[in-house]
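Dear colleague,

Please find below the structure that I am handing over to you. My findings follow directly after it.

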Amino acid sequence: MSDQPTASHARPTGVPAPAEPSQRAGLDRFGSAVIESIQEGSPAVLTALSILTALIVGAIFIVATDPVVLRAWDSVGYAPGAALSATWSSVAAAYSALFEGSIFDPATVAAAFHGGSIAAIFFPLSVTIYWATPLILTGLAVAVAFRAGLFNIGAASQFIAGAIVAAWIGADISLPPGIHIIACVVGAMAGGAVMGWIVGELKARTGAHEVIVTIMLNNIMASLLLYLLSSHNLLQAPGSPNQIASAIANDAALPHVGGPPPQAHLGFLFALGAAAVIAWLLSRSTLGFEFRTVGANPSAARSAGMSVESTWVRVMLIAGSLAGLAAATVLLSGGSPPPQLVPSTPGSYGFDGITVALLGRARPGGVVLAGLLFGALHAGGTNVAGLTTVPQDIVGVLEGLIVLFVAAPALIRAIYRLRGIAGTGLEDFAKGWNG
Amino acid sequence: MKLELRGITKRFGSLVANDQIDLVVEPGEIRALLGENGAGKTTLMNVLYGLVQPDEGQILLDDVPVTIRSPRDAIAARIGMVHQHFMLVPVLSVAENVSLGMERTGPLGLLDRNSTRRDVRELSERFGLKVDPDAYVEELPVGVQQRVEIIKALMRDASVLVLDEPTAVLTPNETEDLFRIMRELREGGRSIIFISHKLNEVRQIADAITVIRRGKVVGERPPTASNSELAALMVGRGVLLRVEKATAIPGDVVLDVADLAVRGERGERSVRGVSFQVRAGEILGIAGVQGNGQTELCQALMGLRPSTGSVRLNGRDLSHASTRDRLRAGIGYVPEDRQADGLVSDFSIAENLVLDVYDRPPYARGLRLSLDAIRETATQRVADYDVRTTSISTRAGTLSGGNQQKVVVARETGREVNLLLASQPTRGLDVGSIEFVHKQIVALRDNGAAVVVVSSELDEIYALSDRIAVMYEGQIVGFCLPDIPEQELGVLMAGGGTTHADGDEHPIAGEPAPPARAEFEERS
């Protein structure tokens with residue numbers, strides 16, 4: 001901290017400060033700024049290096065779990081070359097399968113030239129988007145709460161609440177086509193919001209720590225879901241002995257963009273829209289100003305006359321409705337047979353939302369990118385399992401590694417000898433608990 | 001031991017915190033390092049203590065160059081440091097704190113508490129540092145905690161002792177005690193580097209004064225130098241040491257507090273039935289040693305802490321109003337701890353300038369923030385209040401303390417206020433910023449606002465107050481005029497008036513009460 005020696009406060013009054021002085025800067029200045037930011041280790045650079053490091057370390061796991069490679073190494077004494085080449089081809093095959101399954105497969109282009117389908121070129125991306133949609137939404141649910149200083153572990157329970165409402169309206173109530181979708185979406189958001197409200201209200205009134213409350217609610221809601229799905233006068237599909245709800249009506253399914261699941265549907269636009277709304281809310285609205293103030297310094301917020309408690313309640317309402325919306329995008333994805341709510345529907349969307357928010361540095365734009373990355377890993381993972389001898393679980397390892405490195409910027413700095421002191425801005429997030 | 005710093009240079013990015021600094025401290029000398037906040041005093045001492053590595057320069061001890069890479073090296077070189085913020089473990093006893101890092105063990109590797117305890121006792125006797133080795137640090141007053149820090153350094157055989165702003169947290173009497181201890185240490189041949197920005201103290205205790213400005217040594221003066229000479233060196237221009245203000249012309253009662261009682265953090269009775277009035281165009285200074293209920297009083301006045309009794313602003317009952325309603329009713333609030341309560345350090349200057357008006361026009365329309373209006377106001381305020389920054393989008397946390405406080409003051413006085421409640425408004429600020437903040441407060445008074453200034457700095461109380469209320473143990477133990485001698489005010493602040501006042505207030509403002517004064521003289 002210092003007195004800035006050459007004060008430039010003498011700027012003529014009334015002239016707003018130039019927001020982006022770099023816009024006028026030349027290309028070389030841009031170039032040196034990029035190099036500077038790499039050397040200093042800006043958050044974006046750190047995140048990119050974390051992903052790279054995860055891929056490198058992931059390669060070790062691929063090698064270590066691929067039976068073909070292991071066998072080649074058994075005979076390394078006779079054929080060392082074969083062992084090395086098996087190692088290389090295993091890693092290369094796994095990563096190219098990952099890439100081809102999630103982003104782009106060169107073979108589809110060749111096929112398109114020979115009369116194949118052009119849509120097939122976009123199939124991997126479409127799958128990535130399908131998986132990314134709910135992750136972006138649960139990621140936003142965690143991120144927006146985090147910006148107000150709350151560690152929302154409860155996207156899972158908020159997701160379940162939304163899913164229950166969506167399944168009920170979607171399967172057991174008949175409504176006119178368009179209305180049915182809207183009712184399901186709004187209902188799911190309301191369900192999630194109620195769950196979020198419980199968390200916010202408990203914290204505001206009793207000071208209960210939101211981490212404890214949300215973890216417990218996750219358990220409660222998972223059990224409630226099981227109960228509802230096994231009671232035939234409640235959600236259980238008539239005549240079914242299993243824990244399963246009736247199929248969502250076709251007129252409640254979101255329109256497809258790509259094709260039947262697992263391909264992109266309208267829900268992705270909901271996710272993008274939600275990210276845009278949250279971005280606007282945080283940066284341009286009084287409500288978002290309150291969120292950020294309460295998150296950054298609750299006692300200053302109090303001194304400035306804000307109600308910290310009602311801010312908590314409001315942000316949890318929003319977070320919950322986002323997680324509920326995520327459930328709607330999963331259940332309303334259509335296809336044949338149409339989705340049915342089962343105990344495994346919520347999957348790990350809630351918890352993956354935490355990692356997505358972490359990777360996206362709790363910023364809406366970042367969450368979208370992180371959601372797409374995780375969606376891509378998911379989409380590519382299926383391909384890895386199908387095309388190579390590497391187990392699909394490698395994708396989970398990669399996800400874990402990425403998050404691990406993102407959460408430990410000092411480690412990345414040390415590995416790549418970066419200067420600077422800025423972290424990824426999420427050290428507190430990673431610490432989480434005491435907040 | 002003779003300490004010499006030669007050509008110390010330290011850069012942080014483009015900022016030169018220390019620029020070719022030379023400093024010699026002879027054995028048995030108290031050397032004051034005087035400079036504004038951000039002048040580079042603390043950086044220099046961090047270099048000496050091994051917390052920061054210099055880019056250039058040398059450290060010599062008894063003319064032998066030494067390399068100090070860590071505090072461990074510094075301790076081994078017999079350099080001791082008492083930080084501004086104490087490095088003590090509150091739940092441990094004095095002896096345990098002192099032995100941390102150099103625990104002595106007896107047979108079987110058990111802690112040998114007795115020898116440490118004995119050593120603490122011996123040291124405290126030798127240097128007149130009264131401390132009970134078995135007391136728990138959290139129960140000790142700040143002044144005594146500081147002694148524990150000094151003992152810690154002495155136990156490690158320090159012969160050069162660095163005291164970083166040691167008086168910032170002390171009462172006048174504790175400061176006197178500290179000075180006595182410093183003199184004892186000097187008699188014992190130890191060298192002391194005393195960092196401060198308080199002119200009077202520096203002149204009182206130092207053998208020689210080195211003045212630093214913007215990272216450079218700008219002069220050395222003997223303690224006989226005048227205040228104005230030192231101040232001019234420090235800030236690079238002449239400074240008003242007294243606020244120029246006309247006699248107050250008090251108007252109607254603006255703030256009327258009756259029988260206010262507040263409980264503190266741990267449920268203790270922090271404020272025990274306080275009543276006072278402040279009129280328009282008047283500054284009431286609330287003097288007192290920190291921790292006598294002033295903090296809780298301010299919080300209660302702002303609705304940040306539940307209280308009983310009544311608070312009226314221009315006749316309107318605000319006793320149960322929310323903080324927001326009180327701000328809206330026209331109270332400006334400069335909190336005691338600007339970092340914790342006054343600012344959001346991650347926010348830009350512009351955002352901080354609207355922290356309590358962000359949801360009103362012209363800054364917001366409905367839910368939408370009007371970024372243009374916010375930016376325009378920020379640019380205006382930054383210029384008007386002389387906030388030294390390159391841009392209104394600079395993070396407030398990167399500003400110096402003085403500039404941070406200017407942001408808070410700009411926000412709280414920039415809008416229409418009937419009452420300004422300023423708690424420790426210039427704590428930790430340099431002379432230039434103090435002058436500026438004081439001028440703003442007086443200007444507000446001259447515009448007809450009522451002002452309450454809570455301060456533990458006597459200079460500030462004297463400079464600003466039109467009337468002084470003294471708080472001790474949650475009560476106002478007396479009102480007086482700013483012509484009361486410092487000693488008498490000191491006695492009041494130390495509770496010397498309690499048996500006399502005994503819970504009742506003595507509104508002696510307007511007529512300095514001779515009987516009370518006589519009584520104090522008898523006591524002292």
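In chain B, Arg213(B) stands opposite Lys216(B), a residue of β10(B). This is a predicted model. The two strands concerned are β9(B), residues 208-213, and β10(B), which pair in the antiparallel sense over five bridges.

Both strands belong to an open sheet of six strands in chain B, whose order is β6-β7-β8-β3-β9-β10 and whose pairing is mixed. The edges are taken by β6(B), residues 79-82, and β10(B), residues 216-221; each has a single partner strand, so one side of each is left without a neighbour in the sheet. On average, neighbouring strands of this sheet are turned by 20° against each other, direction ignored.

Helix α6(B), residues 172-187, lies across β3(B) (30-35), β7(B) and β8(B) (191-196).

Turning to chain A, the secondary structure comprises 18 helices and zero strands. Chain A has 435 residues, of which 49% count as buried. Where contacts in chain A join residues at least 6 apart in sequence, 75% of them are between residues at least 24 apart.

Conventions:
Residues are numbered from 1 along each chain as its sequence is written. Chains are lettered from A and ligands numbered from 1 in the order in which they are written. This is a predicted model: local features need pLDDT of at least 70, side-chain atom pairs count only at pLDDT 80 or more; totals for chains, interfaces and linings use all residues. Helices (H or I, at least four residues) and strands (E, at least two) are DSSP runs, numbered from the N terminus. A residue is buried if 20 or more other C-beta atoms lie within 10 Å of its own, exposed if 12 or fewer, and partly exposed in between; C-beta atoms are placed from the backbone. Two residues are in contact if their C-beta atoms, placed from the backbone, lie within 7 Å. Two strands pair if DSSP finds at least two bridges between them. Axes are lines fitted to C-alpha atoms, for helices over the stretch in contact, and angles run from 0 to 180 degrees between N-to-C directions.
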